[in-house]
Amino acid sequence: MIPTTLGEKITFYRREKKWSQEDLEEYSGVSRTQIGRIERNECKPKVETIKWIEEALGLPQGKLLRTVQFATAVDDPITEIESVLENSKLNQNQMKKVQIIVELICRIVNEGKK
């Protein structure tokens with residue numbers, strides 16, 4: 001089975017490393033309880049939480065969200081991205097460039113759904 005949800009992907013990469021949820025907790029700083037809920041797709045973690053898990057698993061940033069069924073990953077990926085950007089230290093010009101990139105990605109994703 002190919003993992004398609006965020007929870008399935010985290011479980012897949014965690015087991016590939018032969019880690020327990022406790023191991024992932026130790027390396028990511030995300031509680032075992034939260035990891036379990038994410039793996040069961042019972043909650044929608046913040047982008048920052050996903051980043052911590054990716055770092056712990058040694059995955060490139062964005063790997064877990066690539067081709068994920070977003071309905072189970074985050075409530076609204078655009079809102080999550082905007083939230084992260086608001087807390088970043090990007091200047092106005094850099095923010096505009098990121099917004100353009102996000103809009104292009106959204107167009108590509110929406111075209112792929114047709």
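Lys 18 is exposed in this predicted model, with a relative accessible area of 74%, and it lies in the loop between helix 1 and helix 2. Just after helix 1, the backbone at Lys 18 takes a positive phi of about 60 degrees, a positive value in a residue other than glycine. Most residues other than glycine have a negative phi.

**Overall make-up**

- The protein has 114 residues, of which 29% count as buried.
- The accessible surface of the protein comes to about 8000 Å², and 51% of that surface belongs to carbon and sulfur atoms.
- When contacts between residues at least 6 apart in sequence are taken, 58% of them join residues at least 24 apart.

**The nonpolar core**

- The largest nonpolar core has 15 residues, and those with the most contacts inside it are Leu 6, Ile 10, Leu 24, Ile 38, Ile 53, Leu 57 and Leu 64.
- Helix 1, helix 3 and helix 4 are the elements that give two or more residues to this core, and the largest share, four residues, comes from helix 4.
- In helix 1, which covers residues 6-16, the buried residues are Leu 6, Gly 7, Lys 9, Ile 10, Thr 11, Tyr 13 and Arg 14.
- Leu 24, one of the core residues with the most contacts, touches Ile 10, Arg 14, Trp 19, Gly 29, Ile 35, Ile 53, Ala 56 and Leu 57, not counting residues up to four places away in sequence.
- Leu 57, which has its place in helix 4, is buried with a relative accessible area of 5%, and leaving aside its neighbours within four places in sequence, Leu 57 is in contact with Ile 10, Tyr 13, Arg 14, Lys 17, Trp 19 and Leu 24.
- The C-alpha atoms of Leu 57 and Ser 28 are separated by 8.2 Å, although these two residues are 29 residues apart along the chain.

**Packing of helix 2 and helix 3**

- Helix 2 (residues 21-28) and helix 3 (residues 32-39) pack at an angle of about 115 degrees, with their axes 9 Å apart, and the crossing of helix 2 and helix 3 is right-handed.
- Helix 2 contributes Gln 21, Glu 22, Leu 24, Glu 25 and Ser 28 to the contact, while helix 3 contributes Arg 32, Ile 35, Gly 36 and Glu 39.
- By class, this contact of helix 2 with helix 3 has two nonpolar, three polar and four charged residues.

**Val 30, between helix 2 and helix 3**

- Val 30 lies in the loop between helix 2 and helix 3, and at 5% relative accessibility Val 30 counts as buried.
- Leaving aside its neighbours within four places in sequence, Val 30 is in contact with Glu 25, Ile 35, Thr 49, Trp 52 and Ile 53.
- The C-alpha atoms of Val 30 and Trp 52, which are 22 residues apart along the chain, are separated by 7.6 Å.

**Two glutamates: buried or exposed?**

- Glu 54, which lies in helix 4, counts as buried because its relative accessibility is 3%, which is under the cut-off of 20%.
- Not counting residues up to four places away in sequence, Glu 54 touches Leu 59, Pro 60, Gln 61, Gly 62, Lys 63, Leu 64 and Leu 65.
- Glu 16, by contrast, is found in helix 1 and is exposed, with a relative accessible area of 53%.
- The C-alpha atoms of Glu 16 and Leu 57 are separated by 9.6 Å, and the two residues are 41 residues apart along the chain.

**A further positive phi**

- Asn 41 lies in the loop between helix 3 and helix 4 (47-57), and its phi is near 60 degrees, a positive value in a residue other than glycine.
- At 29% relative accessibility, Asn 41 counts as partly exposed, whereas Lys 18 is exposed at 74%.

Key: Residues are numbered from 1 along each chain as its sequence is written. This is a predicted model: local features need pLDDT of at least 70, side-chain atom pairs count only at pLDDT 80 or more; totals for chains, interfaces and linings use all residues. Side-chain values use heavy atoms; hydrogens and water are left out. Axes are lines fitted to C-alpha atoms, for helices over the stretch in contact, and angles run from 0 to 180 degrees between N-to-C directions. A crossing is left-handed if the near helix is turned anticlockwise from the far one by less than a right angle, and right-handed if clockwise. Contact means heavy atoms within 4.5 Å. Ala, Val, Leu, Ile, Met, Phe, Trp, Tyr, Cys and Pro count as nonpolar, Asp, Glu, Lys and Arg as charged, and the others, Gly among them, as polar. Buried means under 20% relative accessible area, exposed over 50%, partly exposed in between (1.4 Å probe, protein chains only). Accessible areas come from the Shrake-Rupley method with a 1.4 Å probe; for residues, only the protein chains shown count as cover. A nonpolar core is a set of buried Ala, Val, Leu, Ile, Met, Phe, Trp, Tyr and Cys residues joined through side-chain atoms within 4.5 Å.
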